[in-house]
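Trainee: I would like to learn how to read a few features in this model. Where do we begin?

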Amino acid sequence: MQYNAALTAITSPPPNIKTFSQSTSNSRCDHGDDIDDIGTYDDFHTIDWLREMSRNRLRHRQIYQSTKESCFDKTKSWHDASSGWILVLLIGLAAGALAGIIDIVTKWLSDLKLGICSSHFWFNQASCCWNSLSPTATATNCSDWKTWAHIFSLSSTSPQSMYAFNYVAYIIIAIFFSTLAAVLVKMFAPYACGSGIPEVKTILSGFIIRGYLGKWTLLIKCVTAPLAVASNLSLGKEGPLVHISSCCGNVFANLFPKYAKNEAKKREALSAAAAAGVSVAFGVPVGGVLFSLEEVSYYFPMKTMWRSFFAALIAAFILRSLNPYGSAHFVMFYVTYNRPWLLFELIPFALLGILGGLYGAAFIHANLAWCRFRKTSRLGKYPIIEVMFVTLITTAGSYPNPYTKIDASTMIFQLVSECSPYVRNNLCDYSIEVSFDMLSMYLKMCGQITCFLAQGVNVTNIHTAPVGVGLQTALSQLSIAFIFKCIITVFTFGLKIPTGLFIPSLGVGALMGRMVGIGVEQLVNRYPHCPLWESSCHSGHTCITPGLYAMVGAAATLGGVTRMTVSLVVVMFELTGGLQYIVPLMLAAMCSKWAGDAFGREGIYDGHIKLNGYPFLENKEEFTYTTLADDVMRPRRGDAPLTVVTQEMTIGELDNLVKTTKFNGFPVVSSRDDKRLVGYLYRRDLILALDNAWTNNQNVNRDCKVFFTLNAPTLSGMSKHDPTPIRLFNIVDLSPITITDHTPMEIVVEIFSKLGIRQALVTHNGTLLGIITKKDILRHIAELSGEDPDHIMFD
């Protein structure tokens, strides 16, 4: 690019002309460390990707050329080349370690609402009762685990009194957890609230939000995420883990000058950090990389994919070493069933996909409407009270239902699990009708009924399985839990505490899928000779796995909320280990997206980006309107003339221009009369140049003329008493992106989204007419879509 030449080509000035670059800018071209002073950005502004990549290529050439000079320079070059891999290694190590600690602390705090381990208070319920017969041990079959009623010696009272005491203790502890999280967020790190994925996605697109990925945000989010999840609110820690991992990426990136001084390179590291965050959130390294590619990252070259894969691998390895799930399996919801799915089941799978998409669309509209109300009403002024009230409603409604009383991850695991003789819960309470001949056959094999069960035979596979009393109770509880989760999640996502949306969405889908699966199972049982499944299901044997429907329903609902497709399928089969069910998952994901897109193409994260007014230009969407650049550019008719920099200006005029305007940059023209475009001057570069000019040149005064031309001006007619001119051409972008006034806007949008530029200058026959910024394009798209263009609040 010519911009590189503008930074490097400093020609020898005439004797009577002071060149500002002699004291500052020449050193930028001779030493790569100083060049990074140019191009820093203000808070809540957008970076220029082309400019940042040009600076990085210039820095790389300077380091490469210096390798021929000394061994030290060769070592410096090697360190620069390997710093990317060292950085993603540190990100993976930190993300895995923090995720493992957060998982362990979250599980302990979640169980603390129900009781405490009398022998080892730092144990959660599963660890305390590790030798219990049931993996879901309770106080009734585990002597070491004590409920709060037992702790306060209320065991001799009536069961109703004990239940009421535990109920109240459950609510009080949950409110304490959520309130403490809200207070810590408000006092120390306001950016630690929410999921973090919308903001991370916006930052990766080139937006600057200083402090959002800082150390305090990292610390407070690590502390408050377990508290928020343990309060049993309808939220998860998986979204916040992406934010936490991105914070680690930003903190470590500042240790390497290659990334600390170049915003575009830093975003490559943040993309890898986001992949590592999803990897440790669920234990899905490949899904994490695809999630970063499909959902989060804006610029994702091949080297970033490899480094993201490496970071996700290291993070997953560290998480597996910590073993926070307490099992031999790495995934969170490992499934053991291997019964193949049948062709006719594609119909209910597609139905689950449609239902998941409809739920996602309804949730997005409802949640965004509530968040708008929160921002525009007095409710937004009392975030801590809102958190306390929502926690009270959630816990009061959750405790009586066994599926909402436990944490959402445990509930999802129960719903996707297979029934077996060793699983004793209402979901597996079927009225088993075992034929005498088949029972006799197994008794002859084993000699006793205990051997029949010891063989691990799934009795639900032996004969028909009508719904039992326990399953009827479970169905009613699942229905209530589904409705409750659907409603309460709308009011939970967006609270001023860490609030992830992955687990609540998976939980709602798993509830819906399990009920649909049980319904299909009973339908096959009731009508065994139906042509759809008669040839597939042998008479007297069940062929339906309700847990598979819970898995498919979970994928469909998460897809409907986030509009993920490819990465969703990979995440789900990595999450459960059910690789052979990839076709049902793919079908559900596609149907979910189609159904959701019928009511709006934006996912929940895109909706919150738009709600917050961030200047995010989606590079995957198409611009379908027939407008021209002349319709969008500024100034428009009736507006003030465009503020420009001319070559007849003095230092005093430039200083006054900087102090009286707030524009991010100024077009440079030959004169105010013909306005022939010369280049573009960034505001921060001009401020830096003026400061250094006043500091380093004693003969500079406000009457000194400034030249922005590459060639020296003519000095004839100047006396030795005239103020010495200064040349600042080296800070001018001599090759700005320009378009004509008749350029179709679909091309302009492609230029902005694919190149990542901040602005484009509009010309006609070489004469400057106006300027188009990313904010102008977003406002134009909003107007054409019938939306409020004023919601775009940042530049």
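Mentor: With pairing: two strands pair if DSSP finds at least two bridges between them. Strands (E, at least two residues) and helices (H or I, at least four) are DSSP runs, numbered from the N terminus. This is a predicted model, where local features need pLDDT of at least 70, side-chain atom pairs count only at pLDDT 80 or more, and totals for chains, interfaces and linings use all residues. Residues are numbered from 1 along each chain as its sequence is written, and side-chain values use heavy atoms, with hydrogens and water left out.

Trainee: In which sense do E10 and E11 pair, and over how many bridges?

Mentor: Parallel, over three bridges; E11 covers residues 759–764. Ile739 has Val762 of E11 as its bridge partner.

Trainee: What is the strand order of the open sheet?

Mentor: E10-E11-E12, with mixed pairing. E10 (738–740) and E12 (767–773) each have a single partner strand, so one side of each lacks a neighbour in the sheet. Neighbouring strands are turned by 35° against each other on average, direction ignored.

Trainee: How do H8 and H13 pack?

Mentor: Axes are lines fitted to C-alpha atoms, for helices over the stretch in contact, and angles run from 0 to 180 degrees between N-to-C directions. H8 (residues 197–204) meets H13 at about 75°, with the axes 11 Å apart. Angles under 35 degrees count as roughly parallel, over 145 as roughly antiparallel, 65 to 115 as roughly perpendicular and the rest as oblique. The two helices, H8 and H13, are therefore roughly perpendicular. Contact means heavy atoms within 4.5 Å. H8 brings Ile197, Val200, Lys201 and Leu204; H13 brings Phe291, Glu295 and Val296.

Trainee: Now the second largest pocket. How much space lies in it?

Mentor: On a 1 Å grid over the protein atoms alone, a pocket is an open set of points where a 1.4 Å probe fits, with protein on both sides within 12 Å along at least five of seven lines; lining residues have an atom within 4 Å of a point. Volume is the space filled by probe spheres set on the points, which are joined across faces, edges and corners. Here it is about 1,500 Å³. Of the 45 lining residues, the closest to the centre are Arg601, Glu602, Lys610, Glu618 and Glu621. H15 gives the largest share of the lining, six residues.

Trainee: Which backbone values stand out?

Mentor: Most residues other than glycine have a negative phi, and most peptide bonds are trans. Phe44 has phi near 60°. The peptide bond from Arg634 to Pro635 is cis.
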